[in-house]
Amino acid sequence: MAHQDLGSGAAARMAPAGLSKNEIMVWETLAAGDDPLKAYEILDQLKDRGVRAPMTVYRALDGLEGKGHIHKIDGMNAFVLCNHEGPHLVQTFLVCESCSNVKELEMVAVEAGILDAVRKSSFEMNTARLEIKGDCEACAA
Ligand SMILES: [Zn+2]
Ligand SMILES: [Zn+2]
């Protein structure tokens, strides 16, 4: 099964086109580290750049999520950069319960299966997010 590492590649990437100034700052903050960040942690890091209002961060996170550039890890209430090209409805993550490391997986068969089952139920899906919890390679060793 093909999968990509969210961590190492992300820092070298350029912010996507079509973002607001605040969205770019939030994107860059997430790109600078490997770990998922909560909204208040992003705010903390942006204080030096003149961001004071939590709403500024929330709005930028909403915008980035809507455009498919970041994902929310519900179980951690934190955000990570998407490592796929373009928005995708089915999102799959490996979430380490020991060190909070998160890796986004590409699971084509899982995505096709979910979309097919949802379609058969005549349900209009917004997002499906699967958090696979356990220990990452480093923590399991
Ligand atoms: Zn993604
Ligand atoms: Zn770990």
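This is a predicted model: local features need pLDDT of at least 70, side-chain atom pairs count only at pLDDT 80 or more; totals for chains, interfaces and linings use all residues.

Me: Why are helices H2 and H4 called roughly perpendicular?

Reply: The axes of H2 (residues 21-32) and H4 (residues 54-66) cross at roughly 85°. Angles from 65 to 115 degrees count as roughly perpendicular. H2 is therefore roughly perpendicular to H4. The two axes come within 9 Å.

Me: Which residues make that contact?

Reply: H2 supplies Asn22, Glu23, Val26 and Trp27. H4 supplies Thr56, Ala60, Leu61, Gly63 and Leu64. By class, the contact of H2 with H4 has five nonpolar, three polar and one charged residues.

Me: What makes H2 and H3 roughly perpendicular?

Reply: H2 and helix H3 pack at an angle of about 105°. The range for that label is 65 to 115 degrees, so H2 and H3 are roughly perpendicular to each other. Their axes lie 10 Å apart.

Me: Which residues meet there, and what are their classes?

Reply: On the H2 side they are Met25, Val26, Thr29 and Leu30. On the H3 side they are Ile42, Gln45 and Leu46. The contact of H2 with H3 has five nonpolar, two polar and no charged residues.

Me: How do you know that the length of H4 agrees with its number of residues?

Reply: H4 has 13 residues. At 1.5 Å a residue they should span 18 Å. The end C-alpha atoms of H4 are 18 Å apart, which agrees.

Me: What does the same check give for H2?

Reply: The 12 residues of H2 should span 16 Å. Its end C-alpha atoms are 17 Å apart, and that agrees.

Me: Why are the buried residues of H4 said to line one face?

Reply: The buried residues are Val57, Ala60, Leu61, Gly63 and Leu64. Seen down the axis of H4, they fall within an arc of 165°, so they line one face of the helix. An α-helix has 3.6 residues a turn, so residues three or four places apart point the same way.

Me: What covers that buried side of H4, and what does the face turned away carry?

Reply: The cover includes H2, H3 (39-46), strand E1 (70-73) and strand E2 (78-81). The face turned away carries the exposed residues Arg59, Asp62 and Gly66.

Me: What makes the buried side of H3 one face?

Reply: Ala39, Ile42, Leu43 and Leu46 are the buried residues of H3. Seen down the axis of H3, they fall within an arc of 100°, so they line one face of the helix. What covers them includes H2 and H4.

Me: Why is Trp27 called buried?

Reply: Trp27 sits in H2. Buried means under 20% relative accessible area. Trp27 is at 2%, so it counts as buried. Glu23, Met25, Val26, Thr29, Leu30 and Ala31 are also among the buried residues of H2. The C-alpha atoms of Trp27 and Pro16 are separated by 8.8 Å, though 11 residues apart along the chain.

Me: How do you know that Pro36 is buried?

Reply: Pro36 is in the loop between H2 and H3. Its relative accessible area is 9%. The cut-off is 20%, so Pro36 is buried. Beyond four places in sequence, Pro36 touches Glu41, Met76, Ala78, Phe79, Val80, Ser100 and Val102.

Me: Is Thr92 buried or exposed, and what does Thr92 touch?

Reply: Thr92 lies in strand E3. At 2% relative accessibility, under the 20% limit, Thr92 counts as buried. Leaving out residues up to four places away in sequence, Thr92 touches Lys103, Glu104, Leu105, Met107, Leu130 and Ile132.

Me: Why is Ser100 called partly exposed?

Reply: Ser100 has a relative accessible area of 32%. Buried is under 20% and exposed is over 50%. The value falls in between, so Ser100 is partly exposed. Ser100 lies in the loop between E3 (90-96) and strand E4 (102-105). Its phi is positive, about 70°, although Ser100 is not a glycine.

Me: What makes Ser122 exposed?

Reply: Its relative accessible area is 70%. Exposed means over 50%, so Ser122 is exposed. Ser122 is in the loop between helix H5 (108-120) and strand E5 (128-134). Phi of Ser122 is also positive, near 50°.

Key: Residues are numbered from 1 along each chain as its sequence is written. Chains are lettered from A and ligands numbered from 1 in the order in which they are written. Side-chain values use heavy atoms; hydrogens and water are left out. Axes are lines fitted to C-alpha atoms, for helices over the stretch in contact, and angles run from 0 to 180 degrees between N-to-C directions. Helices (H or I, at least four residues) and strands (E, at least two) are DSSP runs, numbered from the N terminus. Angles under 35 degrees count as roughly parallel, over 145 as roughly antiparallel, 65 to 115 as roughly perpendicular and the rest as oblique. Contact means heavy atoms within 4.5 Å. Ala, Val, Leu, Ile, Met, Phe, Trp, Tyr, Cys and Pro count as nonpolar, Asp, Glu, Lys and Arg as charged, and the others, Gly among them, as polar. The expected span of a helix is 1.5 Å times one less than its number of residues. Buried means under 20% relative accessible area, exposed over 50%, partly exposed in between (1.4 Å probe, protein chains only). The arc is that of the directions from the helix axis to the C-beta atoms.
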